[in-house]
Amino acid sequence: WLKSWLPSYSIQVALIPYISNLQTAAPAKNVIEYMTHRKTLSGRNKVKQLTISDTLVFDYLLDDHDRKFVHNWLGTHEQGILLWDNGLAFKHGPVSMPECLDILCGISQWTRHLLSKENGTASRDELSDGDVGEEADDDGTAPSQPCARICVFNPAMVALLKSIGPDAPRDRQLGRRLEDALARESSPGFEWMNYIANSRQVHYSSPAFFEGMQIKIQRLLAHVDACVVQYGEQRVLPNARNSSTDG
C-alpha cells in the first residue's frame, strides 16, 4: 500500500557484465623499446605487439586516457587483452586535443622505463628483455616528462582506418556509421554528456562527435605516415602472418 504513494521515475540504467578469470594483462615495461624501434621485435611476440597497438588505437579514437594505468589492462589466457571499462571516453569533447596522441605512449611505466634507461638508472629487471606480455608495476602516478608514441601498427587496422576515414565515401566514414548505430538505439547518445569549459557547463551536439571521429582518424593516419617516413613501411606496418620466420 505504501508503494502506491511513492513516486516512480523512468531512468536510464547502465549494466556492466561480470567476467570471471580475469587477470592483469599489462604489457611489460620494455615493450615500448620495440614499439619505438629501439629494439628489433622477435617473431614470437609480433602478434602480441600488434594487439597492444590496436588497443591503443582504439583508446585514442575514444579519447580514453585511463589505460595509462596498469590495472586497466585486463584479459584472459583464452581471449588475451580485453577492451573494457571505457566509461571515461571522449574526455575532451567531440574532438580530442592534438596532444591526446600521447595515448599512443601507452602505460605510464613505459615512459618511466625509457627515462631511467636514458639516465642510466634502469634496474636489472628493466634492462632485461623479458616477455611482451609480462606484468608491469603500477604505482598509480603518471610521469610528467614527454613520452614516446608507438610507431608500430597493425596493417589491417591502418587499412580499415583509411577505408572509414575522411577520404572514404560519406556513407562509409566512421562518423556516419556511428551516427547510424546510435539512431538504432533507444537510449540517449551524446546528449547527456556534460563538460566544463571556462567554468561553465557545456553540452555538444551529437553531429559534432561524428565529425570529431573523422578528425581523429586523420590525425592518427598522419602520425602513421610520419612513422613510415622515419622508420620505413616494413618496420612500422609489420606483417604478422610472416612473424614465424622473423627473429
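This section describes the secondary structure, helix packing, disulfides and selected loop residues of a predicted model.

The protein chain of the predicted model contains eight helices and five strands, which follow one another along the sequence in the pattern β-α-α-β-β-α-α-α-α-β-β-α-α. Of the 247 residues in the protein chain, 39% are buried. Among contacts with a separation of 6 or more, 80% are accounted for by residues 24 or more positions apart.

Helix 3, which spans residues 108-118, is largely enclosed by the rest of the structure, because eight of its eleven residues are buried. The buried residues of helix 3 are S108, Q109, W110 and T111, together with H113, L114, L115 and S116. Helix 3 is followed by G120, a residue whose phi is positive, near 75°.

The packing of helix 2 against helix 7 was examined next. Two packed helices are described by the angle between their axes and the distance between the axes. Helix 2 (residues 46-62) packs against helix 7 (residues 206-231) at an angle of about 140°, and the two axes are 9 Å apart; helix 2 is therefore oblique to helix 7, since angles count as roughly antiparallel when they are over 145 degrees. The crossing of helix 2 and helix 7 is right-handed. On the side of helix 2, the contact is made by V57, Y60, L61 and L62, and on the side of helix 7 by M213, K216, I217, R219 and L220. Seven of the residues in this contact of helix 2 with helix 7 are nonpolar and two are charged, whereas none is polar.

Two disulfides are present in the structure, and when the bonded cysteines are counted along the chain, their pattern is 1-2, 3-4. One of the disulfides is formed by C105 and C147, whose sulfur atoms are 2.0 Å apart, and with 65° about the S-S bond this link is right-handed. C105 is placed in the loop between strand 3 (80-82) and helix 3, while C147 is placed in the loop between helix 4 (124-127) and helix 5 (155-163), so the pair ties together parts that are 42 residues apart in sequence.

Most residues other than glycine have a negative phi, and most peptide bonds are trans. D63, by contrast, is a residue other than glycine with a positive phi, near 55°. D63 lies in the loop between helix 2 and strand 2 and counts as buried, because its relative accessibility is 0% and the limit for a buried residue is under 20%. F90 likewise has a positive phi, of about 55°, although it is not a glycine. F90 is located in the loop between strand 3 and helix 3 and is buried, with a relative accessible area of 11%.

The loop between helix 2 and strand 2 (74-76) also contains N72, which is buried, with a relative accessible area of 7%. When neighbours within four places in sequence are left aside, the residues in contact with N72 are D66, R67, W84 and D85.

Towards the end of the chain, E233 is found in helix 8, which comprises residues 233-236. E233 is exposed, with a relative accessible area of 53%, and the C-alpha atom of E233 is separated by 9.7 Å from that of P155, a residue 78 residues apart from E233 along the chain.

Note on methods
Residues numbered from 1 in each chain as written. Predicted model: local features only at pLDDT ≥ 70, side-chain atom pairs only at ≥ 80, totals over all residues. Heavy atoms only, no water. Buried < 20%, exposed > 50% of the residue type's maximum accessible area, 1.4 Å probe, protein only. Helix = DSSP H or I, 4+ residues; strand = E, 2+ residues; numbered from the N terminus. Axes fitted to C-alpha atoms, helices over the stretch in contact; angles between N-to-C directions. Parallel < 35°, antiparallel > 145°, perpendicular 65-115°, else oblique. Left-handed = near helix turned anticlockwise from the far one by under 90°. Contact = heavy atoms within 4.5 Å. Nonpolar A, V, L, I, M, F, W, Y, C, P; charged D, E, K, R; others polar. Disulfide = S-S within 2.5 Å.
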